[in-house]
Amino acid sequence: MRLDVSLWPAWCRCSKSIRYVLHIFTIVVLVFLVLQYGIGLVLTRDHHVSWLNNASVRHDLDRDIDEVVRKWQATDRERNLSTNCPYLPPKLVGRLYINETAPSWEELERNHRELQPGGRFSPPNCKALHRVAIIIPYRDRESHLRVFFNHMHPLLQRQQLDYGIFVIEEAPGIKFNRAMLMNIGFVEASKLYNYQCFIFHDVDLLPEDDRNIYSCPDQPRHMSAAVNTLDYKLPYPEIYGGVSALKKEQFEKVNGFSNKFFGWGGEDDDMWVRINNAGLKVIRYPLDIARYTMLGHKKDEPNPERYKYLYSAEKRLKTDGINSLIYKRLDLQFRKTYTWVYVTFNEADVLAVSHLTIIGSKHTKL
Ligand code: BGC
Ligand code: MN
């Protein structure tokens, strides 16, 4: 067989077989580059994922974001409301019927034309007392999302809040890190609007009573105190999981959540330590108000490493949190009923950040 080795001509003073290898190598590299570019284009078109960090895609994305934020601001300006909403929202109904059937996205969007892009709402006739970002750490629970929005949008609107719902979705291939997703939600939502209250919310928990107001009082609030699957009782006094509310300044003061909890459990207990350490105290509504229904799902494997990090909670809190958050935002979309933020991070990189603290006169490396 005659081999065409013209790509590596005679100036390569090497044997014919080496020229043949160089030739094949060059073709492989060229095919790889073409494929990578092609896959990048398909991904950015179909899933709006800028894996290749494509500069023009990024630019368009940022322009879309600015445009929506300007629309939000214009609505606020046009309304120019001078009367505050009442302290007690007049349309609350108390105990609620929990509808666990998921509507279709079309139905949901049809029923919520009052929402601004990104699932934002503010009362049309009075100035809301609270600007609230609901942050949902998320992966793989699409039908729960629909049940959640169907239940939550009417409730939050009856509570007359200026609110936005942010779904922070973790890309596949890495262990779920609920706490990091919530930290990212805090950072991303804060870039878009001056939210003063952050409610971190599992997607599978539905409040059973609308007197459970989604606001941030003077102390951090644990909202999901009475969950049906836990017999509507607190399993232990320091529990801070499920749904929790912190003011912006409080979240900054405690340096957000720890980034170290990959897999299930512990990150909320670590937050309890942070809150107490900052001189704050968790409060709750009475158990007959703070009631929640949990949607059914398979239980995740608990993370055996969580105790190791819990033991060092106090030593890490100043250096492990929003001030050491490393992630990549792959996408952000203002969908009709919520804002979708798609992110990734690297477990090894996050765990490699070591936290040096001075305890007495000793340096302790964790
Ligand atoms: C975990 C928490 C969880 C709680 C209740 C604890 O063992 O560390 O993360 O919220 O159990 O399920
Ligand atoms: Mn759950």
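On a 1 Å grid over the protein atoms alone, a pocket is an open set of points with protein on both sides within 12 Å along at least five of seven lines, a cavity is a set of points where a 1.4 Å probe fits but cannot get out, and lining residues have an atom within 4 Å of a point. This is a predicted model, in which local features need pLDDT of at least 70 and side-chain atom pairs count only at pLDDT 80 or more, whereas totals for chains, interfaces and linings use all residues. Residues are numbered from 1 along each chain as its sequence is written, ligands are numbered from 1 and chains lettered from A in the order in which they are written, and side-chain values use heavy atoms, with hydrogens and water left out.

**The largest pocket**

The largest pocket is lined by 41 residues, and D202, D204, W264, H297 and D300 are those that lie nearest its centre. Two or more lining residues come from each of strand 2 (131–138), helix 7 (267–277) and helix 8 (306–311), where helices (H or I, at least four residues) and strands (E, at least two) are DSSP runs numbered from the N terminus. The space in this pocket is about 1200 Å³, a volume being the space filled by probe spheres set on the grid points, which are joined across faces, edges and corners.

D204 lies in the loop between strand 4 (197–201) and strand 5 (205–207) and H297 in the loop between strand 9 (291–294) and helix 8, so the pair ties together parts that are 93 residues apart in sequence. D204 is buried at 6% relative accessibility, whereas H297 is partly exposed at 35% (buried means under 20% relative accessible area, exposed over 50%, partly exposed in between, with a 1.4 Å probe and protein chains only).

**Ligand 1**

Residues around ligand 1, with a heavy atom within 4 Å of it, include Y236, I239, W264 and R306. The table gives polar contacts, here pairs of N or O atoms within 3.5 Å.

| Residue and atom | Distance to an oxygen atom of ligand 1 |
|---|---|
| G266, backbone N or O | 2.9 Å |
| D268, polar side-chain atom | 2.5 Å |
| D269, polar side-chain atom | 2.6 Å |

**The enclosed space**

A search of the whole structure finds 1 cavity of 30 Å³ or more, and about 40 Å³ of space lies in the largest cavity. Its lining consists of N259, K260, D320, S324, I326, V350, V353 and H355.

Conventions
Polar contact = N/O pair within 3.5 Å; in protein donor to acceptor, adjacent residues only side chain to side chain.
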